[in-house]
Amino acid sequence: YRIPTPATSRDPEIDQLIANNVGRLVVDAADSRHRVRAAATLQIGVGYLPSLVLDGVSDKIDGIWSEVLTDAMANIRARMIPIVGTFALGTEVLWKFIDGNPNVSMLPAHVTNSAEEIRRRQIISVNQAMAVTLHGETVVGVGRRYSGAGGQRDFSANAPTAIIALHSTRTAEDGTLVSNIL
């Protein structure tokens, strides 16, 4: 049985630009919230954009509180920060990182996704969507299903700072450019 892993980027250069912009938003939110120390607890959703953001801001955070744990969290293993999640979705790198790691805790979703916990911890939430409507609803699959919304709604609705990262356009199967803002 093969364990499913998240999709990879189709446009790494654009993804890195988006991640850099989101990373600046994360750092600004941490700076404005913590006058003494510019660090924050981060929630990272599934996707290559949130993973790139984490890579860029890992030295600015003091913990991860997330429903899902991903390979990106294993990549910051040199830092001994607390990482809390409900389930893991990644490669063997993630599984080896989690196994026996005293800095990683797995808790039930009713704890990690609790509105009270998210607010109390002043979580900065970073998630990815395939599209977003003008009403602020996120679309996690366009055409082919990539993921379910999962805890994205819990964190986006309750985190003092919630960021949904996405490409503004995509190329349809027939080659036409289509807006991801619906």
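Which handedness does the β-α-β unit made by β1, helix α2 and β2 have? Before you select anything, note that this is a predicted model, where local features need pLDDT of at least 70, side-chain atom pairs count only at pLDDT 80 or more, and totals for chains, interfaces and linings use all residues. Residues are numbered from 1 along each chain as its sequence is written, and side-chain values use heavy atoms, with hydrogens and water left out.

**Stop one: β1.** Select residues 40-44, strand β1. Strands here are DSSP runs of E with at least two residues, and helices are runs of H or I with at least four, numbered from the N terminus. Because 5 of the 5 residues are buried, β1 is largely enclosed by the rest of the structure. Buried means under 20% relative accessible area, exposed over 50%, and partly exposed in between (1.4 Å probe, protein chains only).

**Stop three: the crossover.** Now bring in α2 (residues 48-57): with β1 and β2, this helix makes a right-handed unit. Right-handed means that, with the strands pointing away from the viewer, the path from the first strand over the helix to the second runs clockwise.

**Last stop: N180.** Look in the segment after β14 (177-179). N180 is buried, at 3% relative accessibility. Its contacts (heavy atoms within 4.5 Å) include M130, V132 and H167, leaving aside residues up to four places away in sequence.
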